[in-house]
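Good morning, everyone, and thank you for making time for this.

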Amino acid sequence: MKTRAAVAFAARKPLEIVEIDLDGPKAGEVLVEIRATGICHTDYFTLSGADPEGLFPCVLGHEGAGIVVDVGAGVTSLKKGDHVIPLYTPECRQCKSCLSRKTNLCTAIRATQGKGLMPDGTSRFMCDGEPVLHYMGTSTFSNFIVAPEIALAKIREDAPFDKVCYIGCGVTTGIGAVIWTAKAEVGCRAIVFGLGGIGLNVIQGLRMIGAEQIVGVDINPGRKAIAEKFGMTHFVNPKEVEGDLVPYLVDLTGGGADYTFDATGNVNVMRQALESCHRGWGQSIVIGVAPSGAEISTRPFQLVTGRVWKGTAFGGARGRTDVPRIVDWYMNGKINIDDLITHKLPLERINEGFDLMHAGTSIRSVVEF
Ligand code: NAD
Ligand code: AHE
Ligand code: ZN
């Protein structure tokens with residue numbers, strides 16, 4: 001069949017909207033019509049050429065929602081007409097990682113996924129007779145995709161695609177980093193570095209669990225008002241702080257934060273986040289994705305004196321289990337997604353979504369098919 005898609009033919013080039021070929025689902029796979037997709041900073045990161053796993057040509061996008069159109073042989077948990085959110089972190093419930101209950105990082109298909117291929121080692125996308133690669137196992141910048149059954153979360157049918165697509169990455173990552181990775185508790189003090197599509201969901205998660213103090217740090221003063229709406233108690237613009245940022249934040253949080261979160265992808269900020277933690281117990285959660293070759297550093301003394309550095313992927317969420325619950329939270333009014341979706345675009349204007357992200361004008365742009 002044919003599908004309309006925004007194809008990344010090469011790094012650092014605008015996406016091109018073209019009709020490409022899509023093979024039907026093989027055994028264990030599902031054909032999905034994507035109805036809406038968000039644009040995450042990670043899509044830009046890969047398009048920029050900074051991603052060691054970035055391969056071209058490919059169809060980017062990993063924050064989508066849609067409807068099952070067809071299923072391949074052996075698929076039992078999904079049927080035509082089901083509403084789904086594709087998962088870049090699948091949940092097979094059988095691999096060593098899933099069975100460990102210690103991580104959400106299912107390893108069932110990670111090797112082929114990282115090469116832009118389906119689990120059988122081939123691509124379902126073709127353009128002019130040449131293969132086009134998948135991305136993160138999702139490729140939601142295509143109107144139709146094929147994805148493994150284990151990489152699709154079935155969601156309720158009354159949830160609007162143009163909102164819950166954001167649960168495919170940003171919402172789950174931010175809220176999950178607080179509740180599943182940090183396991184932050186009522187009354188804690190926290191600092192969130194980077195108040196974009198992820199950081200604002202960290203703030204929302206911190207408000208949900210009853211944090212006492214929620215400090216937001218961003219170089220874009222335009223983030224202050226929206227972050228306050230989501231629960232931020234103190235805003236810090238590093239450009240307006242005289243002297244070092246870390247002692248300023250340690251002082252502001254009464255000796256350091258119980259939890260800090262990096263949602264910038266900047267390794268210098270990650271160091272500031274670790275060093276702003278409270279001596280003896282503070283935990284710093286790395287969410288941001290950093291370019292190929294970038295490394296984090298600190299004095300080992302920071303760890304010797306009890307600070308903990310942790311990372312999180314997809315907020316520690318087990319997608320098929322947790323994503324439908326987060327959709328319920330949205331539908332029951334427990335979380336706010338609407339105010340974070342600042343722009344809606346047709347597929348033809350998807351490149352504007354990247355421009356808006358750069359300019360710091362958007363929180364999330366959503367493309368509707
Ligand atoms: P975004 O562009 O919407 O937001 C980034 C924010 O960081 C912006 O508000 C920007 O002004 C701010 N910022 C930039 N430099 C800063 C600095 N030096 N100090 C303070 N603030 C600064 O991006 P996003 O979609 O929110 O993604 C944030 C990061 O999280 C990216 O690196 C992305 O790749 C990563 N990410 C990781 C996961 C995961 O599972 N670990 C999931 C989604 C996104
Ligand atoms: N390919 C990159 C790493 C990118 C990365 O860390 N991705 C996150 C999700 S970002 C979503 O916006 C993730 O889930 N990581 C775990 C995994 O298995 O990829 C690189 O540096 O090679
Ligand atoms: Zn993302």
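How many nonpolar, polar and charged residues does the shell around ligand 1 have? Before I answer, please keep in mind that what we are looking at is a predicted model. In that model, the shell around ligand 1 is made up of 14 nonpolar, eleven polar and three charged residues. Among the 28 residues around this ligand, the ones that come nearest are His41, Thr42, Ile198, Asp218 and Thr312.

A polar backbone atom of Gly197 is 3.0 Å from an oxygen atom of ligand 1, while a polar backbone atom of Ile287 is 2.9 Å from a nitrogen atom of the ligand. At Val289, a backbone N or O atom lies 3.1 Å from an oxygen atom of ligand 1. As for cover, ligand 1 exposes 870 Å² when it is taken alone, and the protein buries 88% of that.

We can go on to ligand 2, which has around it Cys40, Thr42, Asp51, Pro52, Glu53, His62, Tyr88, Arg110, Met136, Cys169, Val289 and Ala313. By class, that shell has seven nonpolar, two polar and three charged residues. Thr42, which I mentioned among the nearest residues of ligand 1, is also one of the residues around ligand 2.

Which side chains make contact with ligand 2 through polar atoms? For Asp51, an N or O atom in the side chain is 2.8 Å from a nitrogen atom of ligand 2, and for Glu53, a polar side-chain atom lies 2.9 Å from a nitrogen atom of the ligand. Arg110, in turn, has a polar side-chain atom 2.7 Å from an oxygen atom of ligand 2. On its own ligand 2 has 540 Å² of accessible area, of which the protein covers 71%.

Finally, a word about cavities. A search of the whole structure finds one cavity of 30 Å³ or more, and the largest cavity has a volume of about 50 Å³. Its lining consists of Ile109, Thr112, Gln113, Leu117, Met118, Pro119, Gly137 and Pro148, and these lining residues divide into five nonpolar, three polar and no charged.

Key
Residues are numbered from 1 along each chain as its sequence is written. Chains are lettered from A and ligands numbered from 1 in the order in which they are written. This is a predicted model: local features need pLDDT of at least 70, side-chain atom pairs count only at pLDDT 80 or more; totals for chains, interfaces and linings use all residues. Side-chain values use heavy atoms; hydrogens and water are left out. On a 1 Å grid over the protein atoms alone, a cavity is a set of points where a 1.4 Å probe fits but cannot get out, and a pocket is an open set with protein on both sides within 12 Å along at least five of seven lines; lining residues have an atom within 4 Å of a point. Grid points are joined across faces, edges and corners, and a volume is the space filled by probe spheres set on the points. Ala, Val, Leu, Ile, Met, Phe, Trp, Tyr, Cys and Pro count as nonpolar, Asp, Glu, Lys and Arg as charged, and the others, Gly among them, as polar. A residue is near a molecule or strand if one of its heavy atoms lies within 4 Å of it. A polar contact is a pair of N or O atoms within 3.5 Å; within protein, one must be able to donate a hydrogen and the other to accept it, and residues adjacent in sequence count only if both atoms are side-chain atoms. Accessible areas come from the Shrake-Rupley method with a 1.4 Å probe; for residues, only the protein chains shown count as cover.
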